[in-house]
Structure formats: structure tokens, C-alpha cells
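Welcome, and please open your viewer. We will go from stop to stop, and at each one you will hear what to select and what is there.

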Amino acid sequence: MAQRIVLAGAGHAHLEVLKALAERPLADAHIVLINPSRYVTYSGRVPGWMAGHYDLAQCRIDLLPLVRAAGVELLEQPVAGMDADRDCVACPGIPPIEYDWLSLNVGGETDVSWFEAAEPLLLPVRPLAEFAERWQTLLAQAERERAFRLRVVGAGAAGVELALAAQHRLCSLGSGVAVSLITSAQGLLPGHGGMAVRALERELRARKIALVRGPAAGTESGVLLPTGESLPADGIILATGRRPPCWLSLSRLALDEEDHVQVDAQQRSLSHANVFAVGDICQRVDRPLAHSGVHAVMGGKVLAHNLRAAAQGGAYRPYRPKPRSLYLLGLGDQRALASWGPLAARGRWAWRWKQRIDERYMASLTFATKAGRG
Ligand SMILES: Cc1cc2nc3c(=O)[nH]c(=O)nc-3n(C[C@H](O)[C@H](O)[C@H](O)COP(=O)(O)OP(=O)(O)OC[C@H]3O[C@@H](n4cnc5c(N)ncnc54)[C@H](O)[C@@H]3O)c2cc1C
């Protein structure tokens, strides 16, 4: 009997699995990738697109050639639920899909719960495709207005890049622009070294982006700060922490207190040995691991091996992250901030470095389609 493998979500990790399958197909397995669309927006390039340095097409990955090369069936559906005790996942309008092995890589959702009152003004970062549409609408609105007030909530890597990209683009329209970056209680760039934080503070000052301490909540006209002060807004980008999809709470998988799937070093669920999870949806129990694209990609390479080992019998590998990861954060104006452990530096050279890495990444997906059966 062929093994039934379900890959839920075309996140960074599953793209690595598809690349590995295109290079070396898996015999006696029927593999299905479930993703709401055949297109995936690559988050690493979204700030560069917002700033006007890329076309949207350059941020988009077409899954169809990749799944064909990998010998995988693509089901264009959102996963809406799962029952890990019954080995099945649910998608709207079709019978449950049963699996022998399941891998979860659906990422996270932007938590909008504190901002519902501000709904018409909101641009939640996830899902990225919707964010891209809303950004284009906001740009058209900003072009018509003489003054524009943008608040970016969330000052992790994503919020910082988005605020700087937005400021660059809005200023190029010629209208009066006020951009604020609102941190959570953890402050600016949590997890990065003091040098990166100080360099970024200088950058924000030079670019006249106000750094405001939160946490903030949404109101009908903008955001409310913990001091009681209200900041009126014409648009609010929400880059607040990602939360796992709500259907996970009914999945019967072992979850942490924030509803991430608890996994071991091999990325296997603690409660169900035939379920893997990688990326923003999971939390390692053996060690803390930041939710980032870097770990989703590197974890995906190990996942590709472990899924093969699961289906064919073989030893699993642990994902051993490097002690430090390099982050290249775009500053919106074709410069970037390089942050590596305690060290940080910024300049055009860092942007060119980031571009080379992103180009290589996108090219590796195209190369995989040529290497495979597609
Ligand atoms: C603007 C921005 C910039 C960033 N910059 C960096 C950076 O420089 N470095 C870095 O390391 N990280 C960065 N990040 C963080 C990084 O993007 C995430 O940590 C990373 O994308 C998580 O990868 P993932 O594989 O878990 O999921 P994702 O990449 O989020 O992919 C999830 C996939 O699942 C699909 N999906 C969602 N819901 C469902 C469902 N119900 N059913 C089926 N499929 C579903 C989605 O369509 C998507 O294809 C950035 C994030 C943003 C938003």
C-alpha cells in the first residue's frame, strides 16, 4: 500500500520538501499539498515590493511547476480542521482527507483581537496576499490626500521592515507623511543585539519615524496607547505576533499555552508520532527557537529527510539550529541592516547581500522544477 502523506500549507519548510522531492522522488507514496492558492507570496521580498523596488510578480511563487516536478498533488483549499486521533484533516466542502503521515506548515495568523474597533483602517500582515491588496488600496488613498498618518503596530523584524518601506514609499508620493512604529512591551527588535537596536533607533530618528511604546489597542479613529493617549490614523499596519490558527485547539495534538504544536528536535508532535510540524505553527520543547523564516527553511531541510525516513523506514534527524542566524532587514531605501548575534552594521552593501540571497532562494525553486519530473 502506498503511504499517504499530507503536507498542510506551502510554508517555507514545505517548499524545501518539494525541492528535495523534485531532486529525489519518493517511491510508493501518494503526497498531497494543501494550500489555499497555487501562489505563495514570499515574505522576504514584501517590504522591498512595498518600497517600490520589486514587482509583485517577483514576490510570488507558483506552486504548480514545483508540485509537478515533485510528483505531489496540489489541493487548492484551506485546512479548516483536523483530528489527530483519527488521522484526518478537514477542508471545506469535501470529505475528510486521511493520512498516514501529516506535516503542518501553515504559519501563523495576525492577532487582530485588540484592534477590531479599527477594522476599516487595518492592514494585518497575514495573510500576505490580502495584505498586498490592502497596501495598494492604501497607496491610492495616500496619493489623493495631502497628509497621511500611518501607524505600524509590532516592532519585530517584520514591523520594522514594513514601517521603513512604507515611509520610503509614502514620502515618494510627495504628500505629508507621519509614520509611527509602536512596540509591544518587549520593545524594539526583541531577540536582536543591542548594537542592532541602537542602529535602528538612529535610523528611525533620521527618517522621522516616531518610536512609541505600546502595547496599543485599536479605536474607531486610530490607536490607543497605554498612557491613555490616542494616535489618529489613516491606516494601521498590524505586524503583531502571529498566533497559530484557531482550529489547532480542537486538533487533539499536544499544544503549548499559546496553542503552538509542541514538537521534539526531529520536529515530531509530542502527542502523535505520525505528525510533524515546522515553522511558526510549532514550538520546540527541548529548546526555545525564534519563529523566523530562517528556522522554517532550515527545519524544512531536516523535515524532508524525516518524512522520507518515516515513509520508507529509517533514522530521523534532529534539526540543530546554528547558535546565531544572520538577519538582513531592509531599510526601505535600498540599504539594509545586517544583524548577527551582538554585531550589526547597515549600508547599501547589506541590501545587495539580501538581494543576492533572495534571488538565489527564488532561483532554487525554479531550478527544482527543472531538475524534477515537471
Ligand atoms: C514582512 C515580513 C518580513 C519578514 N522578514 C523576515 C526576515 O528577514 N528573516 C526571517 O527569518 N523571517 C522574516 N519574517 C518572518 C517569516 O516570514 C516567518 O517566520 C516565516 O514565514 C514562517 O514560515 P512558515 O513556513 O512557518 O509559514 P509561512 O511562510 O507563513 O507559510 C504558511 C503557508 O501556509 C499557507 N496557509 C495558511 N493557512 C492555511 C490553511 N488553513 N490551510 C492550508 N495552508 C494554509 C499560507 O498560504 C502559506 O503559504 C518576515 C515576515 C514578514 C511578514
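Predicted model: local features only at pLDDT ≥ 70, side-chain atom pairs only at ≥ 80, totals over all residues.

## First stop: the largest cavity

To find the middle of the space, pick Gly279, Cys282, Leu289, Ala290 and His295, which lie nearest the centre among the 14 lining residues. The volume here is about 90 Å³. Colour the lining by class and you will see six nonpolar, six polar and two charged residues. A search of the whole structure finds three cavities of 30 Å³ or more.

## Second stop: the second largest cavity

Now select Ile5, Val17, Ala20, Leu21, Leu26, Ile31, Ala304, Leu307 and Arg308, the residues that line the second largest cavity. Two elements give two or more residues to this lining, α1 and α7. The space inside comes to about 70 Å³. How do its lining residues divide by class? Eight are nonpolar, none is polar and one is charged.

Select Ala20, Glu23, Arg24, Lys301, Ala304, His305, Arg308, Ala309, Gln312, Gly313, Gly314 and Ala315 to show the lining. Six of these residues come from α7, the largest share. The pocket holds about 170 Å³ of space. By class, its lining has four nonpolar, four polar and four charged residues.

Next, show the aromatic side chains; the structure holds four aromatic pairs. Zoom in on Phe276 and Tyr316: their ring centres are 5.8 Å apart and their planes meet at 85°, so this pair is edge-to-face. The two partners come from distant parts of the chain, 40 residues apart, with Phe276 in strand β21 (residues 275-277) and Tyr316 in the loop between α7 and β23 (326-330). Phe276 is buried, with a relative accessible area of 0%, while Tyr316 counts as partly exposed at 24%.

For another pair, select Trp349 and Trp353, which are tilted, with 6.2 Å from centre to centre and 35° between the planes. Both sit in helix α8 (residues 348-371), four residues apart, or about one turn of the helix.

## Last stop: Thr110

Finish by selecting Thr110 in strand β10 (residues 109-110). Its relative accessible area is 9%, under the 20% cut-off, so Thr110 counts as buried. Which residues does Thr110 contact, leaving aside its neighbours within four places in sequence? Show Pro124, Val125, Arg126, Leu238, Thr240 and Gly241 to see them. Draw a distance from the side chain of Thr110 to the backbone nitrogen of Arg126, and you will find 2.8 Å. Then draw another between the C-alpha atoms of Thr110 and Leu238: they are 128 residues apart along the chain, with a separation of 7.3 Å.

Conventions
Residues numbered from 1 in each chain as written. Heavy atoms only, no water. Buried < 20%, exposed > 50% of the residue type's maximum accessible area, 1.4 Å probe, protein only. Contact = heavy atoms within 4.5 Å. Polar contact = N/O pair within 3.5 Å; in protein donor to acceptor, adjacent residues only side chain to side chain. 1 Å grid on protein atoms, 1.4 Å probe; cavity = no way out; pocket = protein on both sides within 12 Å on 5 of 7 lines; lining within 4 Å. Points joined across faces, edges and corners; volume = space filled by probe spheres on them. Nonpolar A, V, L, I, M, F, W, Y, C, P; charged D, E, K, R; others polar. Phe/Tyr/Trp six-rings, centres within 6.5 Å; stacked < 30°, edge-to-face > 60°.
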